[in-house]
Amino acid sequence: MATSKEMTEGRALPLIFSFTLPLLLGNLLQQTYSLVDAAIAGKFLGINALASVGASTSVIFLILGFCNGCCGGFGIPVAQKFGARDYETMRRYVSVSLQLAAVMSVVIAVIASLYCADILQMMRTPEIIFTGAYNYLLVTFIGIPCTFFYNLPSSIIRALGDSKTPFWFLLFSTVLNILLDLFCILVLDWGVAGAAIATVFSQGVSAGLCYVYMMRRFDMLKTTPAERRFDKALARTLLYIGVPMGLQFSITAIGSIMLQSANNALGTACVAAFTAAMRIKTFFMCPFESLGMAMATYSGQNYGAGKPERIWQGVKASTLMMIIYWAFTFCVLMLGPARLRCFLWKPRSGKS
(Lines give C-alpha, C1' and ligand atoms only; values in the text may rest on other atoms or scores of the structure.)
Protein backbone atom coordinates (compact mmCIF):
# COMPACT_ATOMS: atom_id res chain seq x y z
CA MET A 1 0.00 0.00 0.00
CA ALA A 2 1.27 3.50 -0.85
CA THR A 3 1.90 5.98 1.94
CA SER A 4 -0.05 9.20 2.40
CA LYS A 5 1.36 12.10 4.40
CA GLU A 6 -0.32 14.73 6.54
CA MET A 7 1.21 18.22 6.58
CA THR A 8 -0.73 19.44 9.57
CA GLU A 9 2.16 19.03 12.03
CA GLY A 10 5.79 20.18 12.03
CA ARG A 11 7.70 23.20 10.72
CA ALA A 12 6.19 24.71 7.59
CA LEU A 13 9.34 25.46 5.58
CA PRO A 14 10.90 21.95 5.64
CA LEU A 15 7.51 20.36 4.98
CA ILE A 16 6.73 22.59 2.00
CA PHE A 17 10.26 22.34 0.60
CA SER A 18 10.36 18.54 0.77
CA PHE A 19 6.90 18.32 -0.78
CA THR A 20 7.72 20.85 -3.51
CA LEU A 21 10.98 19.25 -4.65
CA PRO A 22 9.49 16.13 -6.32
CA LEU A 23 6.67 18.29 -7.63
CA LEU A 24 9.19 20.70 -9.15
CA LEU A 25 11.16 17.89 -10.75
CA GLY A 26 7.92 16.52 -12.17
CA ASN A 27 6.90 19.90 -13.61
CA LEU A 28 10.34 20.34 -15.12
CA LEU A 29 9.96 16.94 -16.74
CA GLN A 30 6.52 17.94 -18.00
CA GLN A 31 8.03 21.06 -19.57
CA THR A 32 10.69 18.80 -21.06
CA TYR A 33 7.98 17.40 -23.34
CA SER A 34 7.67 20.66 -25.26
CA LEU A 35 11.36 21.49 -24.88
CA VAL A 36 12.36 18.12 -26.39
CA ASP A 37 9.83 18.52 -29.20
CA ALA A 38 11.33 21.89 -30.07
CA ALA A 39 14.94 20.75 -29.69
CA ILE A 40 14.60 17.59 -31.80
CA ALA A 41 12.48 19.28 -34.45
CA GLY A 42 14.88 22.22 -34.65
CA LYS A 43 18.06 20.14 -34.79
CA PHE A 44 16.88 17.42 -37.20
CA LEU A 45 14.20 19.16 -39.29
CA GLY A 46 15.43 22.75 -39.36
CA ILE A 47 14.23 26.20 -38.45
CA ASN A 48 10.84 25.87 -40.20
CA ALA A 49 10.01 22.82 -38.10
CA LEU A 50 11.01 24.65 -34.94
CA ALA A 51 8.78 27.54 -35.95
CA SER A 52 5.91 25.12 -36.67
CA VAL A 53 6.19 23.66 -33.18
CA GLY A 54 6.24 27.11 -31.59
CA ALA A 55 3.78 29.03 -33.77
CA SER A 56 0.94 28.38 -31.32
CA THR A 57 2.86 28.02 -28.04
CA SER A 58 0.77 30.63 -26.25
CA VAL A 59 -2.53 29.03 -27.33
CA ILE A 60 -1.36 25.63 -26.11
CA PHE A 61 -0.32 27.24 -22.84
CA LEU A 62 -3.74 28.91 -22.55
CA ILE A 63 -5.74 25.70 -22.99
CA LEU A 64 -3.44 23.19 -21.30
CA GLY A 65 -2.78 25.67 -18.49
CA PHE A 66 -6.53 25.84 -17.88
CA CYS A 67 -6.75 22.04 -17.80
CA ASN A 68 -3.80 21.71 -15.43
CA GLY A 69 -5.14 24.45 -13.17
CA CYS A 70 -8.55 22.78 -13.00
CA CYS A 71 -6.91 19.52 -11.98
CA GLY A 72 -4.97 21.30 -9.25
CA GLY A 73 -8.19 22.95 -8.05
CA PHE A 74 -10.03 19.62 -7.99
CA GLY A 75 -7.35 18.33 -5.63
CA ILE A 76 -8.00 21.04 -3.02
CA PRO A 77 -11.32 19.66 -1.63
CA VAL A 78 -9.69 16.23 -1.58
CA ALA A 79 -6.82 17.66 0.49
CA GLN A 80 -9.29 19.40 2.81
CA LYS A 81 -11.24 16.23 3.53
CA PHE A 82 -8.02 14.27 3.91
CA GLY A 83 -6.81 16.81 6.48
CA ALA A 84 -10.16 16.56 8.27
CA ARG A 85 -9.95 12.74 8.06
CA ASP A 86 -13.37 12.62 6.40
CA TYR A 87 -12.36 9.83 4.04
CA GLU A 88 -15.85 8.99 2.78
CA THR A 89 -16.48 12.51 1.46
CA MET A 90 -12.93 12.57 0.14
CA ARG A 91 -13.60 9.47 -1.98
CA ARG A 92 -16.81 11.02 -3.29
CA TYR A 93 -14.88 14.11 -4.34
CA VAL A 94 -12.37 11.91 -6.15
CA SER A 95 -15.14 10.10 -8.04
CA VAL A 96 -16.96 13.29 -9.04
CA SER A 97 -13.71 14.96 -10.13
CA LEU A 98 -12.93 12.03 -12.44
CA GLN A 99 -16.40 12.27 -13.98
CA LEU A 100 -16.09 16.02 -14.47
CA ALA A 101 -12.65 15.59 -15.99
CA ALA A 102 -13.94 13.07 -18.52
CA VAL A 103 -16.65 15.44 -19.76
CA MET A 104 -14.58 18.62 -19.65
CA SER A 105 -11.53 17.17 -21.40
CA VAL A 106 -13.56 15.73 -24.28
CA VAL A 107 -15.56 18.95 -24.77
CA ILE A 108 -12.43 21.12 -24.71
CA ALA A 109 -10.62 18.75 -27.09
CA VAL A 110 -13.48 18.72 -29.62
CA ILE A 111 -14.04 22.49 -29.60
CA ALA A 112 -10.32 23.30 -29.77
CA SER A 113 -9.73 20.80 -32.60
CA LEU A 114 -12.60 22.20 -34.67
CA TYR A 115 -11.20 25.73 -34.46
CA CYS A 116 -7.57 24.75 -34.88
CA ALA A 117 -7.11 26.28 -38.36
CA ASP A 118 -9.02 29.43 -37.38
CA ILE A 119 -6.75 29.89 -34.37
CA LEU A 120 -3.62 29.72 -36.51
CA GLN A 121 -5.08 32.13 -39.05
CA MET A 122 -6.08 34.53 -36.28
CA MET A 123 -2.50 34.39 -35.02
CA ARG A 124 -1.16 35.26 -38.50
CA THR A 125 0.90 32.09 -38.82
CA PRO A 126 3.27 32.32 -41.84
CA GLU A 127 2.04 30.27 -44.80
CA ILE A 128 5.33 28.41 -45.14
CA ILE A 129 4.87 26.75 -41.73
CA PHE A 130 1.06 26.69 -41.59
CA THR A 131 0.63 22.99 -42.42
CA GLY A 132 3.23 21.84 -39.91
CA ALA A 133 1.84 24.15 -37.22
CA TYR A 134 -1.69 22.90 -37.90
CA ASN A 135 -0.68 19.23 -37.64
CA TYR A 136 1.20 19.83 -34.39
CA LEU A 137 -1.60 21.88 -32.81
CA LEU A 138 -4.35 19.48 -33.92
CA VAL A 139 -2.64 16.43 -32.43
CA THR A 140 -1.96 18.37 -29.22
CA PHE A 141 -5.63 19.34 -28.92
CA ILE A 142 -6.83 15.80 -29.62
CA GLY A 143 -4.57 14.65 -26.79
CA ILE A 144 -6.09 17.01 -24.19
CA PRO A 145 -7.84 14.11 -22.36
CA CYS A 146 -4.42 12.44 -21.92
CA THR A 147 -3.05 15.62 -20.36
CA PHE A 148 -6.13 16.04 -18.17
CA PHE A 149 -6.03 12.46 -16.93
CA TYR A 150 -2.37 12.59 -16.09
CA ASN A 151 -2.68 15.78 -14.07
CA LEU A 152 -5.85 14.84 -12.18
CA PRO A 153 -4.63 11.54 -10.62
CA SER A 154 -1.34 13.29 -9.88
CA SER A 155 -3.21 16.10 -8.14
CA ILE A 156 -5.23 13.61 -6.09
CA ILE A 157 -2.12 11.69 -5.06
CA ARG A 158 -0.45 14.97 -4.07
CA ALA A 159 -3.53 15.91 -2.04
CA LEU A 160 -2.79 12.84 0.08
CA GLY A 161 0.70 14.20 0.76
CA ASP A 162 2.58 12.04 -1.80
CA SER A 163 4.43 14.19 -4.33
CA LYS A 164 7.04 11.55 -5.20
CA THR A 165 4.92 8.94 -6.99
CA PRO A 166 3.70 11.26 -9.81
CA PHE A 167 7.33 12.23 -10.43
CA TRP A 168 8.39 8.63 -11.14
CA PHE A 169 5.55 8.11 -13.61
CA LEU A 170 6.44 11.36 -15.34
CA LEU A 171 10.13 10.42 -15.47
CA PHE A 172 9.21 7.21 -17.26
CA SER A 173 6.91 9.11 -19.59
CA THR A 174 9.57 11.72 -20.41
CA VAL A 175 12.12 9.07 -21.37
CA LEU A 176 9.46 7.37 -23.49
CA ASN A 177 8.64 10.70 -25.13
CA ILE A 178 12.27 11.33 -26.12
CA LEU A 179 12.60 7.85 -27.64
CA LEU A 180 9.30 8.16 -29.49
CA ASP A 181 10.23 11.64 -30.74
CA LEU A 182 13.36 10.27 -32.33
CA PHE A 183 11.51 7.24 -33.70
CA CYS A 184 8.59 9.20 -35.18
CA ILE A 185 10.78 11.93 -36.67
CA LEU A 186 13.88 10.05 -37.82
CA VAL A 187 12.49 6.58 -38.58
CA LEU A 188 8.85 7.13 -39.54
CA ASP A 189 9.52 10.59 -41.03
CA TRP A 190 6.29 12.04 -39.61
CA GLY A 191 7.77 15.51 -39.16
CA VAL A 192 6.43 17.85 -36.48
CA ALA A 193 3.20 15.84 -36.26
CA GLY A 194 5.33 12.92 -35.09
CA ALA A 195 6.68 15.05 -32.23
CA ALA A 196 3.12 15.82 -31.10
CA ILE A 197 2.03 12.18 -31.43
CA ALA A 198 5.00 11.06 -29.32
CA THR A 199 4.07 13.56 -26.60
CA VAL A 200 0.39 12.66 -26.52
CA PHE A 201 1.08 8.92 -26.47
CA SER A 202 3.64 9.31 -23.68
CA GLN A 203 1.23 11.37 -21.58
CA GLY A 204 -1.51 8.81 -22.17
CA VAL A 205 0.72 5.99 -20.93
CA SER A 206 1.67 8.05 -17.88
CA ALA A 207 -1.99 8.86 -17.18
CA GLY A 208 -3.03 5.20 -17.34
CA LEU A 209 -0.23 4.02 -15.08
CA CYS A 210 -0.83 6.80 -12.57
CA TYR A 211 -4.57 6.06 -12.39
CA VAL A 212 -4.08 2.31 -11.92
CA TYR A 213 -1.46 2.90 -9.23
CA MET A 214 -3.71 5.38 -7.42
CA MET A 215 -6.68 3.05 -7.29
CA ARG A 216 -4.73 -0.08 -6.38
CA ARG A 217 -2.22 1.26 -3.86
CA PHE A 218 -4.23 3.78 -1.83
CA ASP A 219 -6.74 1.76 0.14
CA MET A 220 -8.53 4.89 1.36
CA LEU A 221 -9.48 5.68 -2.28
CA LYS A 222 -11.31 2.40 -2.89
CA THR A 223 -14.92 3.41 -3.40
CA THR A 224 -18.29 1.73 -3.03
CA PRO A 225 -20.97 2.00 -5.77
CA ALA A 226 -22.80 4.60 -3.67
CA GLU A 227 -19.67 6.74 -3.40
CA ARG A 228 -19.20 6.65 -7.16
CA ARG A 229 -22.57 8.29 -7.88
CA PHE A 230 -22.49 11.76 -9.38
CA ASP A 231 -23.27 14.46 -6.79
CA LYS A 232 -24.28 17.90 -8.06
CA ALA A 233 -23.37 19.67 -4.84
CA LEU A 234 -19.87 18.22 -4.82
CA ALA A 235 -19.53 18.98 -8.54
CA ARG A 236 -20.42 22.64 -7.90
CA THR A 237 -17.78 22.83 -5.18
CA LEU A 238 -15.14 21.32 -7.45
CA LEU A 239 -16.01 23.66 -10.33
CA TYR A 240 -16.15 26.66 -7.97
CA ILE A 241 -12.53 25.97 -6.98
CA GLY A 242 -11.17 24.34 -10.13
CA VAL A 243 -12.37 26.74 -12.84
CA PRO A 244 -10.97 29.93 -11.24
CA MET A 245 -7.69 28.12 -10.60
CA GLY A 246 -7.63 27.01 -14.23
CA LEU A 247 -8.23 30.58 -15.37
CA GLN A 248 -5.48 31.76 -13.04
CA PHE A 249 -3.05 29.33 -14.67
CA SER A 250 -3.99 30.35 -18.20
CA ILE A 251 -4.94 34.03 -17.98
CA THR A 252 -1.36 35.23 -18.51
CA ALA A 253 -1.39 33.46 -21.88
CA ILE A 254 -3.80 36.06 -23.28
CA GLY A 255 -1.05 38.67 -23.41
CA SER A 256 1.32 36.08 -24.89
CA ILE A 257 -1.23 35.29 -27.63
CA MET A 258 -1.35 38.95 -28.66
CA LEU A 259 2.45 39.14 -28.61
CA GLN A 260 2.83 35.93 -30.59
CA SER A 261 0.27 37.05 -33.18
CA ALA A 262 2.33 40.16 -33.85
CA ASN A 263 5.55 38.13 -33.82
CA ASN A 264 4.20 35.53 -36.29
CA ALA A 265 3.64 38.27 -38.84
CA LEU A 266 7.40 38.99 -38.85
CA GLY A 267 8.31 35.68 -40.48
CA THR A 268 9.65 32.22 -39.77
CA ALA A 269 12.96 33.28 -38.20
CA CYS A 270 11.18 35.46 -35.63
CA VAL A 271 8.73 32.65 -34.84
CA ALA A 272 11.64 30.26 -34.24
CA ALA A 273 13.39 32.77 -31.98
CA PHE A 274 10.17 33.35 -30.04
CA THR A 275 9.75 29.58 -29.67
CA ALA A 276 13.23 29.17 -28.22
CA ALA A 277 12.75 32.03 -25.77
CA MET A 278 9.32 30.86 -24.61
CA ARG A 279 10.52 27.31 -24.01
CA ILE A 280 13.36 28.61 -21.83
CA LYS A 281 11.07 31.06 -20.00
CA THR A 282 8.47 28.41 -19.22
CA PHE A 283 11.15 26.03 -18.00
CA PHE A 284 12.49 28.58 -15.54
CA MET A 285 9.00 29.55 -14.33
CA CYS A 286 8.24 25.98 -13.21
CA PRO A 287 9.38 26.43 -9.58
CA PHE A 288 6.83 29.17 -8.98
CA GLU A 289 4.04 26.98 -10.35
CA SER A 290 5.26 23.99 -8.34
CA LEU A 291 5.41 26.00 -5.12
CA GLY A 292 1.90 27.28 -5.74
CA MET A 293 0.57 23.75 -6.22
CA ALA A 294 2.40 22.58 -3.10
CA MET A 295 0.83 25.43 -1.12
CA ALA A 296 -2.61 24.44 -2.41
CA THR A 297 -2.18 20.97 -0.90
CA TYR A 298 -0.58 22.29 2.30
CA SER A 299 -3.29 24.92 2.78
CA GLY A 300 -6.08 22.49 1.94
CA GLN A 301 -4.94 19.93 4.50
CA ASN A 302 -4.48 22.51 7.26
CA TYR A 303 -7.77 24.23 6.46
CA GLY A 304 -9.54 20.88 6.66
CA ALA A 305 -7.77 20.13 9.95
CA GLY A 306 -8.94 23.46 11.40
CA LYS A 307 -5.43 24.99 11.64
CA PRO A 308 -5.59 28.29 9.72
CA GLU A 309 -2.59 29.69 11.61
CA ARG A 310 -0.37 27.13 9.89
CA ILE A 311 -1.49 28.41 6.49
CA TRP A 312 0.03 31.83 7.26
CA GLN A 313 3.25 30.13 8.34
CA GLY A 314 3.30 28.36 4.98
CA VAL A 315 2.74 31.62 3.08
CA LYS A 316 5.75 33.22 4.76
CA ALA A 317 7.94 30.16 4.15
CA SER A 318 6.96 29.90 0.48
CA THR A 319 7.51 33.63 -0.07
CA LEU A 320 11.06 33.29 1.27
CA MET A 321 11.73 30.39 -1.11
CA MET A 322 10.36 32.36 -4.07
CA ILE A 323 12.60 35.36 -3.35
CA ILE A 324 15.71 33.17 -3.14
CA TYR A 325 14.86 31.39 -6.40
CA TRP A 326 14.09 34.70 -8.15
CA ALA A 327 17.56 36.03 -7.29
CA PHE A 328 19.21 32.83 -8.53
CA THR A 329 17.22 32.77 -11.79
CA PHE A 330 17.93 36.42 -12.51
CA CYS A 331 21.67 35.76 -12.35
CA VAL A 332 21.48 32.65 -14.55
CA LEU A 333 19.36 34.24 -17.28
CA MET A 334 21.42 37.42 -17.39
CA LEU A 335 24.69 35.52 -17.76
CA GLY A 336 23.86 32.65 -20.11
CA PRO A 337 21.12 33.38 -22.72
CA ALA A 338 23.34 32.59 -25.72
CA ARG A 339 24.29 29.17 -24.36
CA LEU A 340 20.62 28.34 -23.67
CA ARG A 341 19.67 29.33 -27.22
CA CYS A 342 22.24 27.00 -28.76
CA PHE A 343 20.52 24.01 -27.16
CA LEU A 344 17.34 24.48 -29.17
CA TRP A 345 18.62 24.52 -32.73
CA LYS A 346 21.76 24.19 -34.74
CA PRO A 347 22.07 26.78 -37.52
CA ARG A 348 22.49 25.17 -40.91
CA SER A 349 24.76 27.91 -42.19
CA GLY A 350 28.08 28.90 -40.76
CA LYS A 351 26.47 31.84 -38.95
CA SER A 352 24.97 31.73 -35.47
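**Figure 1. The largest cavity in the predicted model.** This cavity holds about 80 Å³ of space. Its lining is made up of 13 residues, and those closest to the centre are Leu23, Gly26, Asn27, Tyr150 and Arg158. Sorted by class, the lining has 7 nonpolar, 5 polar and 1 charged residues.

**Figure 2. Helices around the largest cavity.** Helices α1 (12-45), α7 (144-159) and α8 each supply at least two residues of the lining. The most comes from α1, which gives 5 residues.

**Figure 3. The second largest cavity.** By the rule used here, the model has 2 cavities of 30 Å³ or more. Two or more of the lining residues come from each of α3 (57-83), α7 and α12 (268-304). By class, 3 lining residues are nonpolar, 4 are polar and 1 is charged.

**Figure 4. The crossing of helices α8 and α9.** Helix α8 covers residues 164-187 and helix α9 covers residues 191-217. Their axes come within 8 Å and cross at roughly 155°. An angle over 145 degrees counts as roughly antiparallel, so α8 is roughly antiparallel to α9. The crossing in which α8 passes α9 is right-handed. The contact between α8 and α9 has 14 nonpolar, 9 polar and 1 charged residues. Helix α8 also supplies at least two residues to the lining of the largest cavity.

Note on methods
Residues numbered from 1 in each chain as written. Predicted model: local features only at pLDDT ≥ 70, side-chain atom pairs only at ≥ 80, totals over all residues. Heavy atoms only, no water. Axes fitted to C-alpha atoms, helices over the stretch in contact; angles between N-to-C directions. Helix = DSSP H or I, 4+ residues; strand = E, 2+ residues; numbered from the N terminus. Parallel < 35°, antiparallel > 145°, perpendicular 65-115°, else oblique. Left-handed = near helix turned anticlockwise from the far one by under 90°. Nonpolar A, V, L, I, M, F, W, Y, C, P; charged D, E, K, R; others polar. 1 Å grid on protein atoms, 1.4 Å probe; cavity = no way out; pocket = protein on both sides within 12 Å on 5 of 7 lines; lining within 4 Å. Points joined across faces, edges and corners; volume = space filled by probe spheres on them.
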